[in-house]
Amino acid sequence: MNSKLQTEAADHLFEGILKLETVDECYRFFEDICTVNELLALTQRFEVAHMLREKKTYQEIAQKTGASTATISRVNRALVYGDDGYQLVFDRIEQSDQR
């Protein structure tokens with residue numbers, strides 16, 4: 001984990017996010033805290049990560065999401081060399097879908 005990001009303020013933010021209980025609550029919170037473009041960028045990266053895990057090509061991902069190859073490459077780097085944050089979330093989604 002990047003120690004530059006791990007601050008008391010970040011801890012407070014993430015603890016707050018963990019208090020959200022529904023998708024509607026997430027929409028309400030993230031619409032307040034993010035600009036439309038910031039939220040679109042986050043959702044685009046998440047979709048890119050999902051498609052990369054499905055072994056889609058950069059071209060397929062770019063066409064579907066509108067992401068640049070630089071963004072796709074950055075997300076791919078996070079999937080391969082990152083702290084497994086995407087993997088953790090996708091695993092949890094898959095576990096909850098199996099219930």
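Among contacts in the protein between residues at least 6 apart in sequence, what percentage join residues at least 24 apart? The share is 39%, where a contact means heavy atoms within 4.5 Å. The model is predicted: local features need pLDDT of at least 70, side-chain atom pairs count only at pLDDT 80 or more, and totals for chains, interfaces and linings use all residues. Residues are numbered from 1 along each chain as its sequence is written, and side-chain values use heavy atoms, with hydrogens and water left out.

The protein has six helices and zero strands. Its pattern along the sequence is α-α-α-α-α-α. Helices (H or I, at least four residues) and strands (E, at least two) are DSSP runs, numbered from the N terminus. The C-alpha trace spans about 40 × 35 × 25 Å along its principal axes.

Of the 99 residues, 13% count as buried. Buried means under 20% relative accessible area, exposed means over 50%, and partly exposed lies in between (1.4 Å probe, protein chains only). The accessible surface of the protein comes to about 8,000 Å². Carbon and sulfur atoms account for 53% of that surface. These areas come from the Shrake-Rupley method with a 1.4 Å probe; for residues, only the protein chains shown count as cover.

The protein carries 12 positive and 17 negative charges. Lys and Arg count as positive and Asp and Glu as negative, while His and the chain ends are not counted.

Aromatic pairs number three. Rings of Phe, Tyr and Trp (its six-membered ring) pair if their centres lie within 6.5 Å; planes under 30 degrees apart count as stacked, over 60 as edge-to-face and the rest as tilted. One of the pairs joins Phe29 and Phe30 in an edge-to-face arrangement, 5.3 Å centre to centre with 85° between the planes. Phe29 counts as partly exposed because its relative accessibility is 25%. Another pair, Tyr86 and Phe90, is stacked, with 6.4 Å centre to centre and 15° between the planes. Both residues lie in helix H6 (residues 85–97), four residues apart, about one turn of the helix. Tyr86 has 22% relative accessibility and therefore counts as partly exposed. Phe90 has 4% and so counts as buried. Phe46, Tyr86 and Phe90 form one aromatic cluster.

The disulfide count is zero, a disulfide being a pair of cysteine sulfur atoms within 2.5 Å. Cys26 is in no disulfide, and its nearest cysteine sulfur, that of Cys34, is 11 Å away. Cys34 likewise is in no disulfide; the nearest cysteine sulfur to it is that of Cys26. Cys26 counts as partly exposed because its relative accessibility is 30%. Cys34, at 18%, counts as buried.

Two further residues were examined. Thr71 is found in helix H5 (residues 69–81). Thr71 has a relative accessible area of 12% and is therefore buried. Not counting residues up to four places away in sequence, Thr71 touches Gln44 and Arg45. Glu54 lies in the loop between helix H3 (36–53) and helix H4 (58–65). With a relative accessible area of 43%, Glu54 is partly exposed. Glu54 and Thr35 are 19 residues apart in sequence. Their C-alpha atoms are 29 Å apart in space.

How values were computed
Charge placed at Lys NZ, Arg CZ, Asp CG, Glu CD.
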